[in-house]
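This report covers one protein chain.

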Amino acid sequence: MSLFKKLFGAGPDFKQLLANGAIIIDVRSPGEFSSGHIKGSKNIPLQQITSGVKSIAKDKPIITVCASGMRSASAKSQLRSMGYTQVENGGSWTKMRQFV
C-alpha cells in the first residue's frame, strides 16, 4: 500500500458505487462529450449542473467526471451544496473507464 493511501485512505470504491447504481455525470461540453465518453454516462455541462440534476434523487450515488478532474470537482461541490449526499469526483472520464 502506498504512503499516500496509508495517510489519506484509499478513496472511493468506484466499482462498488457503480454496482450500487451510481450515475456517472460527465460535466464536459456537448462537443467534448460527443468526441468520446463512458457508455451510459449522462452529459450535463458544468454550467447547467444545478438545473440538469433536478430529476435525480438527492440520495442517489453520483460520480462526476470531466477531462482532467477540475470541472468534476467543482460539480461535486455544487451538488453537495444542493443537498446531494453521495457524490464523488471520478476525475478524468478516461481514467474512470477502467471501473465501468
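## Basis

Contact here means heavy atoms within 4.5 Å. The model is a predicted one.

## Sheet

Four strands form an open sheet in the order S2-S1-S3-S4, and their pairing is parallel. Strands S2 (42–43) and S4 (87–92) stand at the edges; each has a single partner strand, so one side of each is left without a neighbour in the sheet.

Four bridges pair strand S1 (residues 23–26) with strand S3 (residues 62–66) in the parallel sense. Across this pairing, Ile-25 stands opposite Thr-64 in S3, and Asp-26 stands opposite Val-65 in S3. S3 is joined to S4 by five bridges, and S3 and S4 run parallel. Cys-66 has Ser-92 as its bridge partner in S4. Between S3 and S4 the chain passes through helix H5 (residues 70–81), in a β-α-β crossover that is right-handed.

## Burial of S3

In a regular strand, side chains alternate between the two faces of the sheet. For S3, both faces are covered. Ile-62, Thr-64 and Cys-66 are buried on one side, and Ile-63 and Val-65 are buried on the other. Five of the five residues of S3 are thus buried.

## Nonpolar cores

Nonpolar side chains tend to be buried together in soluble globular proteins. In this model the largest nonpolar core has 13 residues. Those with the most contacts inside this core are Ile-25, Val-27, Ile-49, Val-53, Ile-62, Leu-79 and Tyr-84. S3 and H5 each supply at least two residues of the core. A second, separate core has nine residues, among them Ala-22, Ile-24, Ile-63 and Met-96.

Ile-62 is in contact with Ile-23, Ile-25, Ile-56, Leu-79, Tyr-84, Gln-86, Val-87 and Glu-88, leaving aside neighbours within four places in sequence. Val-53 lies in the loop between helix H4 (49–52) and S3. The relative accessible area of Val-53 is 0%, so this residue counts as buried. Not counting residues up to four places away in sequence, Val-53 touches Ile-25, Ile-44, Leu-79, Met-82 and Tyr-84. The C-alpha atoms of Val-53 and Lys-42 are separated by 10.0 Å, and these two residues are eleven residues apart along the chain.

## Asp-26

Is Asp-26 buried or exposed? Asp-26, which lies in strand S1, has a relative accessible area of 0% and is therefore buried.

## Aromatic pair

The count of aromatic pairs comes to one. This pair is formed by Phe-14 and Phe-99 and is tilted, at 5.4 Å centre to centre and 50° between the planes. The pair links distant parts of the chain: Phe-14 is in helix H2 (residues 14–19) and Phe-99 is in the segment after helix H6 (93–96), 85 residues apart.

Phe-14 has a relative accessibility of 11% and so counts as buried. Phe-99, at 25% relative accessibility, counts as partly exposed. The cut-off that separates these two classes is 20% relative accessible area.

Terms used
Residues are numbered from 1 along each chain as its sequence is written. This is a predicted model: local features need pLDDT of at least 70, side-chain atom pairs count only at pLDDT 80 or more; totals for chains, interfaces and linings use all residues. Side-chain values use heavy atoms; hydrogens and water are left out. Two strands pair if DSSP finds at least two bridges between them. Buried means under 20% relative accessible area, exposed over 50%, partly exposed in between (1.4 Å probe, protein chains only). A crossover is right-handed if, with the strands pointing away from the viewer, the path from the first strand over the helix to the second runs clockwise. Rings of Phe, Tyr and Trp (its six-membered ring) pair if their centres lie within 6.5 Å; planes under 30 degrees apart count as stacked, over 60 as edge-to-face and the rest as tilted. A nonpolar core is a set of buried Ala, Val, Leu, Ile, Met, Phe, Trp, Tyr and Cys residues joined through side-chain atoms within 4.5 Å.
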